[in-house]
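Please have the sequence and the 3D view open while reading.

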Amino acid sequence: MPGVPDPTGLTAAEVFSLSSRPQSKYKLVLDFDGNTLIGGAWNSVKKTDKIVTPPYDKDGDNSTFNAEELADIVAIWRAVAEDFAPFDVDVTTADPGDAALTGVGQKAIIGGDSTDWYGVAGGIAFVNSFGRPDLPCFIFPRSLGPNNPKFIWEAVSHELGHTLGLLHDGVLPNPAMPSGTAYYSGQGVWAPLMGIPYYAEVTTWDAGEYSFSNNNQDDLATIGKFLPRAPAQFGSSVSTASPLTATSSSSPSETATATASGVLSSSNQTDFFSFAAAAGPASITVAVTAPFGVGYYGRSNLNAVSTVFDATGAVLATFNPPGPENMGIAAANVTIPSSGVYYVSVAGSGEGNVSIDGYSSYASLGRYSVSVTYASGFTPPAVDCVGAWSSWSVCNASCNQTMTFRITRPAANGGGACVSADGSVRSRPCSGGACLAAIDDPIVIIADITISRETFNMSTNSTNGTAPANGTNNTTVRANPSGSAPPQYAFCKAVVTLKTKAGARLAKAKISGSWSDIDVARSKPTAAAPISLQTRPSGQVVFKSRPWRADLQPPQPPAQNGAISACVFTVSRVDFPGKTLDRAASVLTQKLTFDGR
């Protein structure tokens, strides 16, 4: 809970079940209780069969955890959870096992000294190793202080950052630092997490905004390739502000206090709240993640700024006290001029000059709790719920996609409810990519036919031959036995294309069809038995008619000159699991007419 000191007196079982976002499928596991790695890449690097990491230990007895060690673990977990608060990921001390981390998690093994097996380092990691439980990152507490919780939590976030694709933040050669440096120790009270964050009071992700940065990597966007952002929980403007409900009151018609807790997860995000107050004094408090330990070991990434607005959206007051010890806002006073609905916002702020001695609001993100105390006695109007469905997700491996309903302003004071509950999910089959067999909405197949007439010559030195492979039947035609000019044959070709209503081509569908009215001039119409073929990856299949002699034209009366011939192909049936042929939207019969043979 923002603003609240770390809990004390927790048992080891409780400490090893801490979880920042238990509902998330993505996991960052902080492993403090010892680990043995066999058959991993680190084993290959160091040419050792087994890498043994002892439990986190400060008193020389690694068989149990004393109260100070447990308090350190809580402090470290809470700091790392704050660094990753903008993302939908569970920072946890509960190890679900390596199998559960494949593709969705990473483990930070925390214990021992780097010289136990590696060399000189505070921590080590493989870049882009998230989702690979065989490639954990390591943090060495005895090489950090030793056992300094602040140093440890900065190293944990730093190494986990590497596993999520982040590179080191350093400085290019410049007049003040002619040789530059691979690791930037920061400016003013701030340092980047991917530089040397150990000695700064405020540490955050960054995008290379400081002067002479050697790394313009957008940390938040890079992590976002592996972890989704946490969704916004509240309204983003006065018109969509989320109503605050009073949680306590000193006495009827005197004062009331309303609170809400949330997470700022995106740069430039502002959360808005509304409250109904009578005229009189009010105070605004914004709490952030509390510091830890003796002195100032700050853990909040969020430097909170809060603004109070009247019913028209005009600003009444803005609060953003300076200094790293004031990342939150302590009981800032404002006067409410008259009874009505008012608004308060919470956003992230930078401090100082980002090029010289400060930092921007880019990664001023994290958990907060806002509390408003105000004069009660005003009956607020009804507030309707505001929410919306997200866009359809990409088509997943199961050929399904989903959309989620998110409420940005809940109903209050008897207002109308939203059409769905927050977090409701819709699902539908989809197509695209590997999902050629997916189902569209509605569930239909559309067939189309193109037809053409083609000719070919049969070699005279053959005793017999076969028409071009057609996938229908292997009709055999006889060569000309006289040894004269090669005989010429003709045939009709129908290309049937199968697709969904959305346009996706369908492979491996079974199509049945037949030729009729192969009406070569002066010959009687003939019909062939139905043929069944399977569509190719292109969603197409080719049917060829029986061939006929196109170079023989016996004497004929004048009335028959210019006689019209025709080929007709008809699709009689289409079979594909889970789909229905839309006959009305399909072209199922196609006719080709031509002169003579």
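Is Cys567 buried or exposed? Cys567 is buried, with a relative accessible area of 0%; buried means under 20% relative accessible area, exposed over 50%, and partly exposed in between, with a 1.4 Å probe and protein chains only.

The model is predicted, so local features need pLDDT of at least 70 and side-chain atom pairs count only at pLDDT 80 or more, while totals for chains, interfaces and linings use all residues. Residues are numbered from 1 along each chain as its sequence is written, and side-chain values use heavy atoms, with hydrogens and water left out.

**Disulfides**

A disulfide is a covalent bond between the sulfur atoms of two cysteines. Here the term is applied to a pair of cysteine sulfur atoms within 2.5 Å. By this rule the count is two disulfides.

| Disulfide | S to S distance |
|---|---|
| Cys385 to Cys418 | 1.9 Å |
| Cys492 to Cys567 | 2.0 Å |

The disulfide of Cys492 and Cys567 is right-handed, because the torsion about its S-S bond is about 75 degrees. This pair links distant parts of the chain: Cys492 is in strand S26 (residues 488-500) and Cys567 in strand S31 (residues 564-575), 75 residues apart. Strands (E, at least two residues) and helices (H or I, at least four) are DSSP runs, numbered from the N terminus. Cys492 is buried, at a relative accessible area of 0%.

The link of Cys385 and Cys418 is left-handed, with -95 degrees about the S-S bond. Cys385 lies in the loop between strand S19 (366-375) and strand S20 (386-389), and Cys418 in the loop between strand S21 (400-409) and strand S22 (425-429), 33 residues apart. Cys385 is buried at 15% relative accessible area, and Cys418 is buried at 18%.

**Aromatic rings**

The structure holds 26 aromatic pairs. Rings of Phe, Tyr and Trp (its six-membered ring) pair if their centres lie within 6.5 Å; planes under 30 degrees apart count as stacked, over 60 as edge-to-face and the rest as tilted. Trp153 and Tyr297 form an edge-to-face pair, 6.4 Å centre to centre with 85 degrees between the planes. Trp153 is in helix H5 (residues 149-163) and Tyr297 in the loop between strand S14 (280-288) and strand S15 (304-309), so the pair ties together parts 144 residues apart in sequence. Trp153 is buried at 1% relative accessibility, whereas Tyr297 is partly exposed at 28%.

The charged end of Arg299 sits over the ring of Trp153, 6.0 Å from its centre. A charge sits over a ring if NZ of Lys or CZ of Arg is within 6 Å of the ring centre and within 35 degrees of the ring normal.
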